[in-house]
Amino acid sequence: MPRITREDKARNRQNIVEAAGRMFRSQGVDSVGIAELMKEAGLTHGGFYNHFASKGDLAAEACGASFKASLGALDQALEEGADLTGPPLKRVVDNYLSAAHRDAPDGGCPSASLVTDAGRHSDTVQRAYASGVEGYLTGFAQEFAREHEGEITSQEARDRAVLLLSRLVGAMALARAVSHAQPELSDEILRTCRAHALG
């Protein structure tokens with residue numbers, strides 16, 4: 001059998017992390033088995049432990065990688081500044097609380113998709129989740145401070161960031177929880193919170 005190269009091993013690990021990110025966000029960490037995860041990654045079940053000591057270690061890495069991608073999109077939106085639709089935080093709110101985001105939990109922001117899982121898992125997973133949350137809070141607080149320069153303190157900007165993220169995550173979690181049974185209620189939650197998240 002040919003030996004696997006370092007590049008192949010790195011690519012395989014990345015495939016596992018990406019598959020885990022999608023599957024954990026859409027199904028929950030505990031609902032995903034290693035065999036189905038490895039199949040989704042295009043690899044055999046036996047190869048898992050060549051990359052990770054445990055499923056918990058993978059959950060922490062997948063959580064961190066998912067937040068990294070999500071925070072990259074946030075940074076880009078904030079760097080672009082205001083446009084015809086308004087200030088960047090309005091665009092962030094509108095995109096986050098959209099039906100498209102609600103209906104695609106496997107590719108959406110992990111703050112809402114993994115909120116329950118993070119609380120149920122190891123300190124390692126919680127640290128990865130907390131780091132992602134802190135990234136959002138930092139970005140939001142900086143933007144609030146920029147938009148209201150000289151009008152609010154750094155603590156007030158931080159408080160607004162905590163409120164905003166809590167509103168976004170809570171609204172998305174509720175909207176997803178009722179989307180199949182009561183789609184009108186789900187839409188109402190999104191619509192109402194989009195209108196008042198920054199207020």
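Just after helix H1 comes Gly28, which adopts a positive phi of about 95°. Helices here are DSSP runs of H or I of at least four residues, strands are E runs of at least two, and both are numbered from the N terminus. This is a predicted model, in which local features need pLDDT of at least 70 and side-chain atom pairs count only at pLDDT 80 or more, while totals for chains, interfaces and linings use all residues. Residues are numbered from 1 along each chain as its sequence is written, and side-chain values use heavy atoms, with hydrogens and water left out.

H1 has 22 residues, which at 1.5 Å a residue should span 32 Å, and its end C-alpha atoms agree with this at 31 Å apart. The expected span is 1.5 Å times one less than the number of residues. Asn12, Ile16, Val17, Ala19, Ala20, Gly21, Met23, Phe24 and Arg25 are the buried residues of H1; buried means under 20% relative accessible area, exposed over 50% and partly exposed in between, with a 1.4 Å probe and protein chains only. Their cover includes H2, H3, H6 and helix H7 (115–120).

## The chain as a whole

The chain holds 10 helices and 0 strands, and its C-alpha atoms fill a box of roughly 65 × 40 × 35 Å along the principal axes. Of its 199 residues, 40% count as buried. Contacts (heavy atoms within 4.5 Å) between residues at least 6 apart in sequence join residues at least 24 apart in 63% of cases.

## Helix H3 and its neighbours

Helix H3 covers residues 55–80, and its 26 residues should span 38 Å at 1.5 Å a residue, in agreement with the 38 Å between its end C-alpha atoms. Its buried residues include Leu58, Cys63, Phe67, Leu71 and Leu74. The buried residues of H3 pack against helix H1 (6–27), helix H2 (34–40), helix H4 (88–96), helix H6 (110–113) and helix H8 (123–147). Gly81 follows H3 and has a positive phi, near 70°.

Glu61, also in H3, is partly exposed at 30% relative accessibility. Leaving aside residues up to four places away in sequence, Glu61 touches Arg13, Val17 and Phe52. Gln14 is 47 residues from Glu61 in sequence, and their C-alpha atoms are 10 Å apart.

## Ser111 in helix H6

Ser111 belongs to helix H6 and is buried, with a relative accessible area of 1%. Beyond residues up to four places away in sequence, Ser111 touches Phe67, Tyr96, Tyr129, Leu165 and Val169.

An unreviewed UniProt entry lists "domain: HTH tetR-type" for residues 10–70. That span is 67% helix and 0% strand, with its end C-alpha atoms 22 Å apart. The UniProt annotation "DNA-binding region", also from an unreviewed entry, covers residues 33–52. Residues 33–52 are 35% helix and 0% strand, and their end C-alpha atoms lie 14 Å apart. UniProt positions follow the numbering used here, feature names are shortened, and annotations may be inferred rather than shown by experiment.
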